[in-house]
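Colleague: I am new to this structure and would like to learn how to read a few of its features. Please show it to me, and then we can go through them.

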Amino acid sequence: MSSAKIDHYEHEYAAAHHDTALNVAQGVDEQPIVNPYFTRRKKRSLSTEEYVEGILAGNITTLSQAITLIESNNPDHYARAQEIIERCLPHAGKSIRIGITGVPGAGKSTFIEAIGNTVTAQGHKLAVLAIDPSSERSGGSILGDKTRMESICHNPDVFIRPSPSAGSLGGVARKTRETIVLCEAAGFDVIFIETVGVGQSETAVHSMVDLFMLLQISGAGDELQGIKRGIMEMADLMVITKADGENVHKAELARTQFQGALRLFPMPESGRRPEVYTCSSVDRTGLEEVWKGAEEFIDHIIKNGYFKHHRNAQNKYWMYESIDEALRNSFYRNPEVEASIGDFEARVLEDRISSFIAARELLNLYFKQK
């Protein structure tokens, strides 16, 4: 059959069945995915004065934007952030800074939610920060906590800030410390700094808090082997979590064991031996005792002068840390160093030059450019 006849029959069929529901209606022209009339408005950046005024007024949006400047790697943002911090510094320093860490599975998120509600019920304003130098790779902890800590997220007296972006431990810790200053200026008088797991970040957190709280669980075998001695020596207060149901007796036994172990350590510089508490974040038991213990510790170190001494030592430590970080960044961003460091690294790997000579040559190259 010729193509002409086929076209003729198709035309007759279409004419005979034009009133049926089997016909396919003509579709509309494909619409653009983006609204052609939509125009993106460029967000006006706040001035330094507006940032400071907003933070001092307790505006959470302005506070969050200022913290974003702190976390930015843009040199212009860094300069603006430092100016804001300097303006806020006279209004900071009036909070209790508490570091919270614990072994995996200790229930840090649930504990922070429970104790946070206890703290705000007593008239305090709470900021919850996190320090995790590997947050981009692991996803961190506090990012997930924000979805789990439902009741505290909706508490108007609580501000939760996800961990800074991943980077060197010193850099992340510096950003967290600067964030503390802004939170204090915004009126938060209790700051929780959560660490993710038990590891290197505990030392950094210990250098920026007034009280270091260690969470531990019971019923996991030999409790005293469950955590490093160095971290136990840093603890100012220890909490056995999940003391509920059939675990109450085990928690009390673990409390006795830890209290006995802590007595074997030398007297801390604070002049007060760590106390061990038990609590249940689910049953809301023991939380008020934990917070009362924290307040008693702070009162003790204020009276004996350790509070002021410790903060002065921290300020001195972070001054030198800031110098080290600035010098390190300046060195690695130097154009001559960037152009030569790969070659020196290859020569070191091929045993054509020692590591020490390579470092000295690179430093000489750096200082000649200054």
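Colleague: Is Asp 351 buried or exposed?

Modeller: Buried means under 20% relative accessible area, exposed over 50%, and partly exposed in between, with a 1.4 Å probe and protein chains only. Asp 351 counts as exposed because its relative accessibility is 71%. This is a predicted model, where local features need pLDDT of at least 70 and side-chain atom pairs count only at pLDDT 80 or more, while totals for chains, interfaces and linings use all residues. Residues are numbered from 1 along each chain as its sequence is written, and side-chain values use heavy atoms, leaving out hydrogens and water.

Colleague: Where is Asp 351 found?

Modeller: Helices (H or I, at least four residues) and strands (E, at least two) are DSSP runs, numbered from the N terminus. Asp 351 is in the loop between helix H15 (335–349) and helix H16 (355–369).

Colleague: What should I look for in phi?

Modeller: Most residues other than glycine have a negative phi. Asp 351, not a glycine, has a positive phi of about 60 degrees. Lys 242 also has a positive phi, near 60 degrees. Lys 242 is in the loop between S6 and H12, and at 40% relative accessibility it counts as partly exposed.

Colleague: Which residues does Asn 247 touch, not counting those up to four places away in sequence?

Modeller: Contact means heavy atoms within 4.5 Å. On that basis, Asn 247 touches Ser 218 and Lys 242, leaving out residues up to four places away in sequence. Asn 247 is in the loop between strand S6 (237–240) and helix H12 (248–262), and it counts as buried at 18% relative accessibility.

Colleague: Which side chain does a polar contact join to that of His 124?

Modeller: A polar contact is a pair of N or O atoms within 3.5 Å; within protein, one must be able to donate a hydrogen and the other to accept it, and residues adjacent in sequence count only if both atoms are side-chain atoms. The partner is Asp 189, with a polar contact of 2.9 Å between the side chains. His 124 lies in the loop between helix H5 (108–121) and strand S2 (126–131). Its relative accessibility is 17%, so His 124 counts as buried. Beyond its neighbours within four places in sequence, the contacts of His 124 include Trp 291 and Glu 295.

Colleague: How many disulfides does a search of the whole structure find?

Modeller: A disulfide is a pair of cysteine sulfur atoms within 2.5 Å. The search finds 0. Cys 183 counts as buried at 0% relative accessibility, and Cys 279 counts as buried at 1%.
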